[in-house]
Each structure stands twice: as structure tokens, then as C-alpha cells.
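Please look through the sequence and the model shown here, and then follow the report below, which takes up a few selected parts one after another.

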Amino acid sequence: MRELEFDYVIVGGGVGGCILANRLSADPSVRVALLEAGGKDNSPLIAAPGGLLPIMMSGSHAWKFMSAPQVHLDGRMLYLPRGKVLGGGSSINGMTYDRGFHSDYDRWAQAGNRGWSFADVLPYFKRLESYAPSQDLWHGTDGPIQVTRAGQDHPFARAFLTAGQQAGFPLCADLNGASREGFGAVDLTVGKGRRSSASSAYLRPVTKRANLTIFTHAPSHRVLFDGTRATGVAFLHDGAEKQASARREVILCAGAINTPHLLMLSGVGPAAHLAEHGLPVVANLPGVGQGLQDHLAAHVKYRSTKPYSMLRYLNPLRGAFAMGQYLLTRTGPLADPGMSVACFVKSDPALDEPDIKMLLVSALFGNNGRTMVPMHGFYAHINVARPEARGTITLASADPSAPPVIDQHYNATANDRRVMREGVKIARRIFNQPAFDDMRGEEIAPGPAVQADGEFDAYIRATAEADYHSVGTARMGNDPLAVVDASLRVHGLSGLRVVDASIMPHLPGGNTAIPVAMIAEKAADMILGKAPPAPIELPGDTR
């Protein structure tokens with residue numbers, strides 16, 4: 001078995017891995033290895049924001065996981081694609097720039113994770129972005145990831161914003177600013193008509209560094225240990241198993257599904273469960289694979305009486321014109337992912353913060369985005385922003401090539417079901433405002449026959465889909481089920497850190513790619529021994 005020597009071995013070339021590869025290899029005296037199970041992100045469909053549609057339809061560049069049968073979703077197994085390419089999810093996602101709520105991070109800090117409040121992490125959010133729409137307290141202007149404001153001139157988008165006001169909701173000038181409540185434009189990780197992924201922003205500019213070695217098509221099999229110290233990683237590459245030794249640290253950035261899977265394969269996890277699969281125990285950490293959270297998505301869909309949806313670009317002539325326009329000017333449909341407006345609303349006016357997220361989609365998709373209904377239309381993509389339900393990642397086999405068992409326990413609590421039901425009702429109310437009168441056809445789903453709470457619940461059980469925001473399976477904290485400390489070091493072990501969505505104590509009330517980027521920027525400072533930037537004092541902060 002061939003052994004390769006490095007200072008840091010990073011497992012996973014997704015958001016966290018790309019950022020750490022950049023930051024750690026900036027010191028020419030250290031050697032860094034990045035192990036990615038997928039390939040390079042050189043497809044033109046990845047670069048073009050409008051290439052999201054064929055990426056979704058093909059499932060290319062993805063781990064094509066399926067959930068365990070979901071008890072509270074009529075026993076259905078849900079499709080769970082995860083990025084399997086340099087850039088990870090940021091190379092195949094909808095490019096939504098979304099930090100979550102300020103209070104998400106305050107909850108992390110209140111759970112005993114010092115240094116993770118919103119005031120503490122805001123400097124890292126600002127560090128990672130070049131935000132075009134405005135220059136203010138909330139945003140950075142010279143970071144690697146390009147962020148732009150989605151256009152609001154599409155007829156569906158204009159109608160959605162107006163309908164929100166007609167339904168009694170406020171407008172929000174910046175959904176990533178001071179307040180998150182109301183209807184507003186989506187911010188996108190797009191710059192100059194191209195996707196700004198973690199790979200294009202962080203990794204591609206440094207690939208020629210002599211001290212950075214990038215292995216693609218290199219799935220990791222297990223972390224290697226000398227006693228309780230992580231010493232390297234065994235991985236498959238070019239048809240042979242190899243070992244990458246780590247003089248300083250092994251850093252797991254494989255995501256909330258693959259990181260706990262790799263930990264358990266390596267003997268780190270619940271001892272009884274490891275014994276079931278004949279795996280020797282390096283560290284009995286019962287929280288590995290526990291605490292899984294994800295957003296569940298329900299939909300309210302309408303046919304459009306006007307030919308405004310993305311369906312028109314499946315026409316060969318229109319598609320060819322759009323491709324030519326994009327190649328020549330980086331404008332047109334291929335420069336736009338097709339999701340430009342969203343809202344955050346309350347299921348109950350008495351709440352302090354919104355608990356429902358809703359995104360307008362300018363087409364009728366089915367089968368988790370893998371098919372487009374041959375009909376012009378639009379729909380609301382609805383999430384319970386911060387669900388209560390928690391699930392598990394467990395081993396199906398000790399074989400590294402066998403996928404784990406993924407059971408999110410979606411829709412498992414009464415409050416999750418109530419909030420989702422209210423979200424569907426609110427979406428229907430929005431679409432029935434006068435702003436949509438000249439384009440609204442019949443309600444395709446759930447359909448006008450659905451009126452009673454039990455009927456809404458049955459519709460959600462039968463049709464809701466995973467939203468690909470898995471977190472929490474190696475969470476940060478100091479309680480018996482915590483896996484890493486506030487510096488992201490694995491409890492009871494040395495030389496091993498986790499830097500991905502696994503460490504999140506709670507699912508943020510939004511998308512997860514940008515929070516992971518923040519985590520990686522903060523982790524880089526921790527690993528390099530740099531002092532964190534001063535917390536940013538916020539308006540109204542009484543700490």
C-alpha cells in the first residue's frame with residue numbers, strides 16, 4: 001500500500017474542503033492533500049447558472065442517496081442527492097446565498113459553544129463574500145464568493161412580491177440583512193453570469209500551488225489511528241488503496257451524511273452499533289450519526305395562462321438561442337437559475353420570528369426536480385424553517401462502498417406538521433391575490449378539493465420532498481451526544497477535526513452552503529492559531 005505524507009489531509013472537496021485547501025496551503029511550508037470522491041467541476045453546465053436545470057434532471061455530479069422509508073410520509077423513500085464533485089453542493093445547488101437567521105447562531109452559542117453567536121460569525125460571513133447589491137454593516141465586498149441580487153423583472157416574480165403585500169405581508173429590502181421577515185429578492189452566488197462555487201472561488205485560483213495535492217475520484221475508506229491520534233486516511237485512487245498520512249491533522253469535510261459514515265467505518269461512534277458490524281472501537285461517541293436534521297419541502301402549484309415559465313427554454317430553437325446569448329454575453333436565461341424571489345413568514349402572528357420559508361419557482365417540476373411538467377406554471381417551494389424532527393445516519397454494512405442508512409424522521413412532530421400545513425395555506429392565499437389574476441390558471445397541487453386540515457396533512461405526507469440541507473450528525477457541544485468541541489475537534493481524540501454541516505447543533509432557518517462556508521473560514525483561523533476577528537456590535541445588541 002502506497003503511503004503519501006502531508007501535514008493536513010482534508011477529506012471531501014465540497015464547500016468546507018475547498019476553503020480549507022485554500023487557507024491552509026497559503027503557507028508554503030506545509031503540505032496539504034484534498035481527497036474528493038467525485039471529479040473535477042469543469043462541466044459548462046456547472047459554470048452556467050441556468051445549467052442547474054439539466055444538472056437536476058440528470059442527477060450528474062451527485063451521490064444519489066435514498067432515505068429510509070419515512071414513517072410520517074406514507075412510508076416513502078426520498079431522493080437525497082449530495083454533491084460529488086469539486087465544490088460539492090455549491091457546484092450543483094440552486095446558488096441561493098442564504099445565511100439563516102441571526103438567532104440560529106445565538107442558539108449555537110447559548111448551547112455552550114463559545115464564539116459562535118451571530119455577532120461572532122458575522123465577520124466570517126463578510127470575509128467570504130463580495131456582495132454587489134450594497135455596502136453596509138451586514139456585507140463584505142472583497143471576499144472570494146461573488147454574490148449578486150437576483151433580478152425581479154420576471155412577471156411571476158413581480159406578481160409574487162405584489163401579492164405578498166396584498167396578503168398583508170411586508171417587503172424586505174435584504175433577506176440577509178437586519179431583518180428576515182417578509183418578501184424580497186433572493187441573493188445568488190453568481191458573478192458576471194457564472195456560478196461562484198467554493199471550487200471556482202477558493203480552489204481553482206490555488207491549484208498550481210506546489211504544496212497542494214488534489215486527488216479526484218478518490219473515495220476515502222477510513223481514518224487511520226495510532227491509539228487515539230488520527231494519523232492519516234486510507235483511500236481508493238487509480239484502482240488501488242493508498243494512505244495519506246497527516247503530520248498535523250485529518251480534517252473531515254465530507255458532509256452530514258458521509259462524515260458520520262466515515263467516522264463509524266473508522267471505529268468512531270456508538271460502540272454497540274460498531275460491534276454489530278464487527279468494527280473495532282477507537283472512540284465510543286454515541287452522538288455520531290445522531291441528531292440528523294433536514295428541511296422538508298411541500299409545494300403549491302398552479303398552471304399559468306401565460307407562457308412565462310422555464311418550459312419555453314426546452315424548445316430547441318429557444319434553447320439554442322439562449323446558449324448563444326450566454327456564450328457571447330454571459331446574459332439571458334442561462335445566466336439565471338430561475339429562482340429570484342422568496343419570503344419568510346409566520347405561521348402564527350404571535351411568534352417572534354418567521355418559521356416558514358417560501359421560494360417561488362418559475363416552472364412546474366416533479367420527481368425532485370428531475371422532470372419538468374409539459375405545462376407552463378409556477379409554484380411555491382415551502383419549508384418549515386427550523387424543524388423539530390431529528391433522525392439518524394447508521395451503518396448498513398462495514399463495506400465502505402455501501403451507502404449508510406439515512407432516516408431523517410421527516411414530519412415526525414405535531415408542530416412540524418402544523419407549520420408545514422400553515423405554509424401550504426399561506427402559499428395558496430398568496431397565489432389567490434389580485435396580482436396573479438392575469439396569469440393564474442387552475443391549482444394543480446394540492447388542488448381545490450383539499451380544504452380540511454386532515455386533507456392538507458395527507459397531501460403533505462404523499463408528496464413532500466427532501467430539500468438537501470442535512471446537518472447535525474457530528475454536532476458541536478459539550479453534552480454526552482456532542483461529537484466535536486467549539487474548536488471542531490473530535491471529543492476524546494487528537495489530530496481529528498470536522499468542518500462541515502455535521503457540526504451544526506441546529507438546522508439554520510435557510511439554506512446551508514453559505515453557513516458551511518462561514519464555518520470553514522472560522523475553522524481555518526482555529527487551525528492556523530489565528531485570533532478571531534472582533535465581534536461586530538449590532539444595532540440593538542444589549543449583550
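## A helix and its expected length

The expected span of a helix is 1.5 Å times one less than its number of residues. With that in mind, and remembering that this is a predicted model, consider helix H13 (residues 513-528), which has 16 residues and reaches 23 Å from its first C-alpha to its last, close to the 22 Å expected at 1.5 Å a residue. H13 is mostly covered, since 13 of its 16 residues are buried. Just after H13 comes Gly529, which takes a positive phi of about 75°.

## A strand covered on both faces

In a regular strand the side chains alternate between the two faces of the sheet. Strand E20 (residues 341-345) can be read with this in mind: five of its five residues are buried, and the strand is described as mostly covered.

Which strands pair with E20, and in what sense? Strand E8 (residues 182-185) pairs with E20 in the antiparallel sense over four bridges, and within this pairing Ala185 stands opposite Val341. Strand E21 (residues 356-361) also pairs with E20 in the antiparallel sense, over four bridges, and here Ala342 has Leu359 of E21 as its bridge partner.

## An open sheet with a helix across it

Strands of a sheet pair through backbone hydrogen bonds, either parallel or antiparallel. Elsewhere in the model, four strands form an open sheet in the order E5-E9-E7-E6, and the pairing is mixed. The edge strands are strand E5 (96-97) and strand E6 (129-131), each of which pairs on one side only.

E6 and strand E7 (residues 145-149) pair in the parallel sense over three bridges, and in this pairing the bridge partner of Tyr131 is Val147 in E7. Helix H5 (residues 118-128) lies across E5, E6 and E7, and runs at about 75° to E6.

## A buried asparagine in a loop

Asn176 lies in the loop between helix H6 (155-166) and E8. Is Asn176 buried or exposed? Its relative accessible area is 5%, and because buried means under 20% relative accessible area, Asn176 counts as buried.

The side chain of Asn176 reaches the backbone oxygen of Tyr97 at 3.0 Å, and it also makes a polar contact with the side chain of Asp187, at 3.1 Å. Leaving out residues up to four places away in sequence, Asn176 touches Tyr97, Asp98, Arg99, Trp138, His139 and Asp187.

## Aromatic rings

A pair of aromatic rings is described by the distance of the centres and the angle of the planes. The rings of Phe, Tyr and Trp (its six-membered ring) pair if their centres lie within 6.5 Å, and by this rule the count comes to 19 aromatic pairs. One of them is formed by Phe6 and Phe215, which are edge-to-face, with 6.4 Å from centre to centre and 90° between the planes. This pair links distant parts of the chain, with Phe6 in strand E1 (residues 2-11) and Phe215 in strand E12 (residues 212-215), 209 residues apart. Phe6 is buried, with a relative accessible area of 2%, and Phe215, at 8% relative accessibility, counts as buried too.

Phe118 and Phe125 form another aromatic pair, one that is tilted, with 6.5 Å from centre to centre and 35° between the planes. Phe118 is buried, with a relative accessible area of 1%, and Phe125 is buried, with a relative accessible area of 0%.

## A buried leucine in a helix

Leu274 is found in helix H9 (residues 271-276), and at 0% relative accessibility Leu274 counts as buried. Which residues does Leu274 touch, if those up to four places away in sequence are not counted? Its contacts are Met264, Gly267, Val268, Gly269, Leu279, Val281 and Leu395. Arg99, one of the residues that Asn176 touches, is 175 residues from Leu274 along the chain, and the C-alpha atoms of Leu274 and Arg99 are separated by 35 Å.

Definitions and conventions
Residues numbered from 1 in each chain as written. Predicted model: local features only at pLDDT ≥ 70, side-chain atom pairs only at ≥ 80, totals over all residues. Heavy atoms only, no water. Buried < 20%, exposed > 50% of the residue type's maximum accessible area, 1.4 Å probe, protein only. Helix = DSSP H or I, 4+ residues; strand = E, 2+ residues; numbered from the N terminus. Pairing = 2+ DSSP bridges. Contact = heavy atoms within 4.5 Å. Axes fitted to C-alpha atoms, helices over the stretch in contact; angles between N-to-C directions. Polar contact = N/O pair within 3.5 Å; in protein donor to acceptor, adjacent residues only side chain to side chain. Phe/Tyr/Trp six-rings, centres within 6.5 Å; stacked < 30°, edge-to-face > 60°.
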